[in-house]
Amino acid sequence: MTDLPNVQPDSRTATVLEAPDRMVKVREMFGIDTDMEVPAFSEADERVPDVDPAYVFDPDTTLAILAGFAHNRRVMVQGYHGTGKSSHIEQVAARLKWPCIRINLDAHISRIDLVGRDAIVLRDGHQVTEFREGLLPWALQTPTALVFDEYDAGRPDVMFVIQRVLETEGKLTLLDQNRVIRPNPWFRLFATANTVGLGDTTGLYHGTQQINQGQMDRWNIVVTLNYLPAAIEAQIVLAKSGEYDKPDGKKTVEDMVKVADMTRQGFIAGDISTVMSPRTVISWAQNTLIFNDVGFAFRLSFLNKCDESERPLVAEYYQRVFGKDLPESVVGKA
Ligand SMILES: Nc1ncnc2c1ncn2[C@@H]1O[C@H](COP(=O)(O)OP(=O)(O)O)[C@@H](O)[C@H]1O
Ligand SMILES: [Mg+2]
């Protein structure tokens, strides 16, 4: 998926195919027990995400996303940080070869970035003012799956614009332009969020806003993705670092997942504020191969990202699972 925001519309190329040109069986492509079929493209352009061959699809989440693609449902994936929300949408799009763009609403995205702005351009040697479409009108007119990431962190002015696109017909009126944009029939809309729009009821997600009920109602499908079972997470790590595919290697990976799970429990309980995502476990495993030292790799992959005051507790998680202390220099003084 391309993380935009600041790409000039002009530099974006047209899609290879204007519409899906085949149907795929979900059972065959995703190994999920269903007769569902989904439209797909047979050729990919550069906005189609790369396939991660080791990706493990959670059936419920995957079916919800596929329903979004097949039936033009607006799908929101909700769940804790690092559980695979964004990558699930991305990997489904990759399999369907559906162009996909992710906009992180957290990243200081403004209304103007989304809608567009007047720009001064040279035309036949004269300076003229010209409207440059933002990401939203541009994406709306193409067969693109647009993902609003960190939806619950969006600024009010941005949410206001998005609300208009969420209306039934999904038309976007560019007021300054006196123009109405109709969505391409293959335009799709997804969102990921840490909360279910009720604001932060857990105290875990400080940047989040309450999403108004009318706005929330316009999402047709909301699916919750929590951490995958430990055995599956270990399987993902193994798939990404084949070096561990032997008995003691597997044990190490399982132990890493145990430590990760303790950080997640600690995070949910409010004991620590940094959580080990599956991504961190993967890089811990890879860094361990580089340094040939699981404790040192733990420091560089995760511990150093934690608040200093929380490091002793995090080091204790490691100690409990691996049965040895991290060296003093690693832990720091409490
Ligand atoms: N089901 C999965 N299969 C394989 N890798 C996964 C899976 N879920 C998460 N990951 C890994 O964890 C990383 C973080 O996932 P991401 O989708 O960014 O989480 P979120 O959007 O929920 O914060 C991904 O880049 C991917 O490498
Ligand atoms: Mg994400």
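Is aspartate 45 buried or exposed in this structure? Aspartate 45 is buried, with a relative accessible area of 9%. Here buried means under 20% relative accessible area, exposed means over 50%, and partly exposed lies in between, with a 1.4 Å probe and protein chains only.

The structure is a predicted model, in which local features need pLDDT of at least 70, side-chain atom pairs count only at pLDDT 80 or more, and totals for chains, interfaces and linings use all residues. Residues are numbered from 1 along each chain as its sequence is written, chains are lettered from A and ligands numbered from 1 in the order in which they are written, and side-chain values use heavy atoms, with hydrogens and water left out.

**Salt bridges**

Side chains of opposite charge can pair when their charged atoms come close. A salt bridge is defined as a side-chain nitrogen of Lys or Arg within 4 Å of a carboxyl oxygen of Asp or Glu. A search of the whole structure finds 15 salt bridges. Three of them are listed below.

| Salt bridge | Separation of N and O atoms |
|---|---|
| Arginine 47 and aspartate 45 | 3.3 Å |
| Arginine 179 and glutamate 133 | 3.1 Å |
| Aspartate 255 and lysine 251 | 2.8 Å |

In the pair of arginine 47 and aspartate 45, arginine 47 counts as buried at 6% relative accessibility, and aspartate 45 is buried as well, at 9%.

Arginine 179 forms a salt bridge with glutamate 133. This pair links distant parts of the chain, 46 residues apart: arginine 179 belongs to strand S10 (residues 179-181) and glutamate 133 to strand S7 (residues 126-133). Strands (E, at least two residues) and helices (H or I, at least four) are DSSP runs, numbered from the N terminus. Arginine 179 is partly exposed, with a relative accessible area of 29%.

Aspartate 255 and lysine 251 both lie in helix H9, four residues apart, which is about one turn of the helix. Aspartate 255 counts as buried at 6% relative accessibility, whereas lysine 251 is partly exposed at 45%. Elsewhere, salt bridges that share partners join Arg27, Asp33 and Asp35 into one network.

Axes are lines fitted to C-alpha atoms, for helices over the stretch in contact, and angles run from 0 to 180 degrees between N-to-C directions. Angles under 35 degrees count as roughly parallel, over 145 as roughly antiparallel, 65 to 115 as roughly perpendicular and the rest as oblique. A crossing is right-handed if the near helix is turned clockwise from the far one by less than a right angle, and left-handed if anticlockwise.

Helix H11 (residues 294-301) and helix H12 (residues 311-322) pack at an angle of about 150 degrees, with their axes 12 Å apart. H11 is therefore roughly antiparallel to H12. H11 passes H12 in a right-handed crossing.

**Serine 110**

Serine 110 is found in the loop between strand S5 (100-104) and helix H4 (111-115). Serine 110 is buried, with a relative accessible area of 17%. The C-alpha atoms of serine 110 and methionine 159 are separated by 9.7 Å, although these residues are 49 residues apart along the chain.
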